[in-house]
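I will go through it a piece at a time and write down what I look up.

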Amino acid sequence: MSSLAQSQLRETFELNIGPQHPATHGVLRIKVVMDGEYIDRAEPILGYIHRMHEKMGENRTWNQFWPNMGRLDYLSAIAYNHCYAGLMERAMGIVVPERAEYIRVITAELNRIQSHLLGFGAYIMDLGGFTPLMYAMDEREQILDLLESVTGSRLTYCYFRFGGVYNDIDDDFITGTRAFLKRFRPQIPMYHKLVTGNVILMNRLIGVGPLSAEICRKYGATGPVLRGSGVNYDIRRNEPYSVYPELDFDIPVYHECDSMARYMVRMDEMLQSCRIIEHALNKLPEGPVMAEKVPKALKPPKGDYHYAVEAARGTFSMRTVSDGTNTSYRMRLRSPTYSNVSLFEEASRGMLLSDALAFLGSLDPVIPEMDR
Amino acid sequence: MSGYFKDIITGLKSLAVGLQITNKEFLTKPITLQYPHVAVKMTPRYRGHIELLKDPETGMNSCICCGMCEKGCPSGCITVKSEKRPGVKGKVLTAYILNFTTCSLCGQCVDNCKPGAIGFSNEYNLASTRREDYIYDLLQKLHPEGVPEPEVDPELLKKELEKQEAAKKAAAAKKEPAQKAPAKEGGESKAEEKS
Amino acid sequence: MDRAKIKRELEELAAEGLPAEQPQEEAPVEVQAEGEGEDKAKAKKEEDVPRKNGLIETDYATRGAHLDVQINPDQVVRAAEILDSEGMTLELVTGVDWIKEGQFEVIYDYSYAGGQLFRVVVRARVDRNNPDIPTVCHVYGGANWHERETWELLGINFVGHPQLEHFLLPEDADFYPLRKDFKP
Amino acid sequence: MNELIRLLSYMIGLAAFLGLNLAYLGWVERKGAGHIQRRTGPKEVGPYGLLQPLADGLKLMSKQLIIPANADRALYMCAPILVMVPAVLLFVAIPFGEHLVPREFNFSLIMMFAFASMGGMSILIGGWGSGNKYSLIAATRAVSQNVAYEIPMLITAINIVLITGSMDLNEIVRQQGGYIWNWNVFRLDKSLLMPVSFLVFFICTLAETNRTPFDMGECEGELIAGYHTEYGGMGFGLFMMAEYANLVIGCSLTTVLFLGGWQCPLGLFPGPHWFLIKMYFLIWSFVWIRWTFPRTTFWALLNLSWKYLIPFSLVNLLLTALFIKVF
């Protein structure tokens with residue numbers, strides 16, 4: 001903290017960042033007490049698009065809850081699909097055919113690239129550079145087209161089913177994905193040249209928003225935020241699900257703990273996702289894409305179940321309490337940015353306004369997922 | 001001090017690299033599609049709103065009016081109206097109303113449909129300023145020129161009529177102890193039919 | 001992180017919280033989910049009476065957690081301290097309304113980010129009419145928002161929480177939507 | 001009488017030049033941004049979207065003027081007008097060609113700087129008068145930025161005065177006649193650091209006109225739209241137009257001081273066309289820079305000024321003085 005902010009002779013004022021603000025990517029409101037250009041206290045206020053998905057889970061049958069999974073984190077909906085499918089398969093003991101698992105992984109990783117691309121573009125736009133967003137959007141459109149051709153929707157996917165996926169992928173999708181990977185790989189060095197290497201951006205990101213591994217642990221931060229703080233934690237490796245153990249990829253970890261590290265983790269993850277997709281496409285087995293004998297009306301045995309996946313922003317986990325009927329007794333959705341943003345209040349104390357917004361952008365919040 | 005000049009030089013170099021890239025992009029052709037003039041072809045799996053499918057053999061829908069789509073819908077946006085017609089096997093669909101304002105395109109109805117009577121349409125130009133425009137009768141959409149009458153099976157019709165009469169007679173027989181006259185009438189009609 | 005140590009300490013903690021008059025009957029139960037018969041017996045037992053305090057080793061493959069501890073509400077802070085000292089992360093806090101038994105269950109999910117796969121569930125039951133439970137905010141800063149949300153949606157009062165204010169719901173909300181007797 | 005006709009024709013000519021520039025620089029910027037970003041930019045209104053500025057202007061003029069309840073009415077209303085005044089006034093001294101100068105006088109360089117500072121004041125008035133915290137923060141940022149960048153700019157201008165021995169802009173251009181190495185930017189015989197000096201002046205112009213990467217006044221990622229957050233309709237339009245007017249003036253001044261104004265690089269056919277070519281090239285580079293770089297922070301901006309620009313310009317001034325004294 002600067003001596004200016006610490007001085008006794010200070011006059012503070014309140015500034016409302018949001019709910020409608022270009023830097024908050026949605027309807028997040030941050031009540032900031034400012035001391036000149038320094039932040040004295042910043043309190044995020046949520047709930048502007050709270051939809052009570054958890055109550056919906058109690059009132060709908062297990063199958064009817066599917067469309068909700070696409071509407072939490074609209075940017076990485078497939079990972080959320082994956083979590084719900086995994087949760088119920090764990091509860092019901094359904095064995096998923098291998099081909100379906102590979103398709104799940106391929107689509108989920110495409111979705112992750114897409115999410116990181118938008119995160120990258122929107123982050124740079126927060127910092128005032130508009131052009132990288134458009135380049136990222138260009139690549140992202142390719143992914144959306146691919147996913148649309150297999151899932152039928154562009155954003156709020158409802159593609160997975162208990163025991164498999166809705167429909168099989170075809171050769172067009174496979175060749176299209178390979179062509180995309182070939183096209184996309186050289187783009188990342190271009191982004192690094194245009195954006196990461198830029199001296200202006202480096203000044204804005206390096207050393208801004210330091211987050212120690214300890215504060216991440218205390219606040220339950222996960223995903224690129226945690227990996228940018230030097231902790232090698234990724235559900236795909238640490239708590240392997242689906243066919244991730246059979247695929248080659250590395251977990252990018254940076255030890256700088258600043259906004260640049262978090263940004264770099266996302267950039268590197270895109271390349272790793274490319275690797276996963278390529279490997280999965282090579283290993284893609286033949287076979288059915290739906291498990292046989294999945295009951296239409298699911299009634300998982302009594303008890304509570306937990307399942308976690310690595311979504312684009314961190315650990316997404318679901319805990320459900322079943323009472324043996326066809327609806328859940330209690331459905332709890334643990335969304336990653338909820339925990340990631342909860343440390344903003346503590347970490348942003350004494351920061352400059354522009355740094356704080358750069359820091360907030362590096363947490364990559366998606367508001368519907370926080371508010372649920 | 002050496003760091004000072006190094007910073008300047010690397011900084012300026014990084015800026016020049018960025019300018020080079022944008023210049024290159026400036027000289028390449030734009031990739032945007034001019035939407036109202038050019039439109040993308042939708043993929044076959046695109047999920048528009050649901051639609052009733054035409055059975056290629058009969059030219060009719062194959063809905064059996066079981067109401068599974070209605071039950072399975074998370075947001076309750078489907079209403080299936082059906083009635084029993086004389087001489088037609090099963091129920092006849094009279095209206096299939098989809099309230100698209102609440103539909104979330106999840107596909108549960110399509111999953112649940114045993115006869116495969118519904119599927120996703122490829123329509124995406126659905127903008128409108130009025131809410132009522134989103135309440136579709138899918139049966140009307142399937143047959144815009146007018147819903148054809150289902151074929152009447154004469155044998156079935158005959159059987160049904162017989163059944164009806166039998167039921168009437170049974171009902172009349174029940175009432176017999178109270179009123180005798182109607183029973184007589186019933187008896188007469190039966191005799192007529194037999195002759 | 002030392003799995004055995006965590007297990008031992010949590011077991012002791014759960015045993016501590018048992019009422020003194022019936023020590024034999026309610027000794028810490030340790031059921032390993034192996035056979036189907038055992039599971040069924042357990043399920044039946046659970047159906048009849050609410051679960052007693054104690055530690056259960058659950059099967060990760062079917063439940064998604066390794067240890068499942070039920071303790072008294074006043075012990076959750078100690079449990080959090082034990083798990084904190086071993087480097088565990090508090091992943092979420094949530095509550096369940098068991099309206100038939102007249103109780104709320106508060107669930108704490110702990111995970112470990114250091115490499116090993118280890119998930120611990122800590123649960124505590126509070127009276128539905130008087131739902132007070134101490135906060136773990138000062139141990140885990142991240143519990144702040146989770147507890148606030150649980151208070152808001154279920155009405156469980158986290159004693160000592162710095163800021164129990166409306167968060168997701170509108171500021172004038174006087175209902176608890178996740179309670180089972182909530183009628184919109 | 002002759003003088004009156006001359007004045008009138010200059011007024012009309014300047015107004016036309018200015019109006020055309022203000023309208024079509026917006027178009028150039030949008031089109032340029034579009035092509036840089038793999039898009040096409042405006043294309044629907046008229047051929048190549050050429051009627052777009054007209055449509056924009058009509059839309060802005062037809063909008064309702066809303067004065068916020070918190071605003072200081074008088075200041076709020078006069079700020080957009082005040083910001084336009086110096087922008088238009090400064091064209092008086094710019095030599096478009098050897099004989100195409102609205103008003104040639106001895107201290108035109110000083111006059112340029114004097115009136116340019118008025119822009120900062122009107123931004124402050126607008127930001128303060130809006131009664132909005134974002135506007136106020138942005139206004140204070142913009143003013144301190146303007147002040148910080150005027151120092152290296154003035155010092156660099158003194159260089160030119162030392163080299164040419166005149167404060168008359170037209171005289172400065174005249175002295176850069178002949179071949180390209182006579183332009184001030186390449187006058188290595190007067191000071192070895194002249195190209196650096198040009199760069200310093202260029203960066204200062206970028207900062208003075210409040211453009212990305214130095215648009216602290218309106219950094220929309222942080223402060224919504226900065227000092228013109230509360231302005232709508234033509235109030236906003238005037239701020240917008242003043243930005244482009246300042247852009248034209250900044251580029252004209254850079255052209256005059258460093259790039260030889262209306263002089264031809266080869267010494268052939270000097271005239272206004274050379275001035276326009278050079279000026280528009282500079283303007284294009286501004287657009288290019290804007291759509292390539294992210295925004296700096298306010299502190300990095302002041303650091304740049306005090307740690308890099310001012311020392312360099314001071315060293316350059318000393319060097320020039322030394323060269324002039326020795327050779």
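**Entry 1: chain B.** How many helices and strands does the secondary structure of chain B come to? I find six helices and five strands. A reminder to myself before going on: this is a predicted model.

Next I read chain B along its sequence, and the pattern is α-β-α-β-β-α-β-β-α-α-α. I also looked up burial: 15% of the 195 residues of chain B count as buried. For the contacts in chain B with a separation of 6 or more, I note that residues 24 or more positions apart account for 69%.

**Entry 2: chain A.** I turned to chain A and found 17 helices and eight strands.

I then looked up the box that the C-alpha atoms of chain A fill along the principal axes, and it is roughly 70 × 50 × 30 Å. Of the 372 residues of chain A, 59% count as buried. Among the contacts in chain A between residues at least 6 apart in sequence, 71% join residues at least 24 apart.

**Entry 3: the domains of chain A.** Which domains is chain A divided into? I have domain 1, residues 3-45, and domain 2, residues 53-347 + 356-371. Taken over C-alpha atoms, the centres of these two domains of chain A are separated by 31 Å.

The two domains touch, and I looked up who takes part: nine residues from domain 1 of chain A and eleven residues from domain 2 of chain A. On the domain 1 side of this contact I find six nonpolar, two polar and one charged residues.

**Entry 4: which chains touch.** Which of the four pairs of chains in contact shares the most contacts? That turns out to be chains A and C.

I checked two other pairings as well. Chain B and chain C do not touch, and their nearest C-alpha atoms are 17 Å apart. Chain C and chain D do not touch either, with 24 Å between their nearest C-alpha atoms.

**Entry 5: chain C against chain A.** I went back to this pair for the details. Chain C brings 27 residues to the contact and chain A brings 32 residues. On the side of chain C, the elements giving two or more residues are α2 (36-48), α3 (60-63), β3 (88-98) and α5 (143-154). The largest share comes from β3(C), with six residues. By class, I note 14 nonpolar, eight polar and five charged residues on that side of chain C.

**Entry 6: chain A against chain B.** Here I find 21 residues from chain A and 20 residues from chain B. Which elements of chain A each supply at least two residues to the side that touches chain B? They are α3 (66-69), α6 and α8 (187-196) of chain A. The largest share, five residues, comes from α6(A). The residues on this side of chain A divide into eight nonpolar, nine polar and four charged.

**Entry 7: helix α1 of chain D.** I wanted to know how the span of this helix fits its residue count. At 1.5 Å a residue, the 35 residues of α1(D), residues 2-36, should span 51 Å, and the end C-alpha atoms are 49 Å apart, which agrees. I also see that α1(D) bends by about 25° at Tyr24(D).

The buried residues of α1(D) include Leu22(D), Leu25(D), Trp27(D) and Ile36(D). What do the buried residues of α1(D) pack against? I list α6 (131-151) of chain A, α1 (2-27) of chain B, and α2 (52-61), α9 (233-258) and α10 (272-290) of chain D. After α1(D) comes Arg38(D), whose phi is positive, near 65°.

**Entry 8: one residue in chain D.** Last, I looked up Ile277(D), which sits in helix α10 of chain D. Ile277(D) has 14 other C-beta atoms within 10 Å, and so it is partly exposed; being buried would take 20 or more. Ile277(D) and Gly261(D) are 16 residues apart in sequence, and their C-alpha atoms are 9.7 Å apart in space.

Definitions and conventions
Residues numbered from 1 in each chain as written. Chains lettered and ligands numbered in written order. Predicted model: local features only at pLDDT ≥ 70, side-chain atom pairs only at ≥ 80, totals over all residues. Contact = placed C-beta atoms within 7 Å. Helix = DSSP H or I, 4+ residues; strand = E, 2+ residues; numbered from the N terminus. Nonpolar A, V, L, I, M, F, W, Y, C, P; charged D, E, K, R; others polar. Domains from an automatic or database assignment. Expected span 1.5 Å × (residues − 1). Bend = angle between axes of the 7 residues up to and from the residue. Buried ≥ 20, exposed ≤ 12 C-beta atoms within 10 Å, placed from the backbone.
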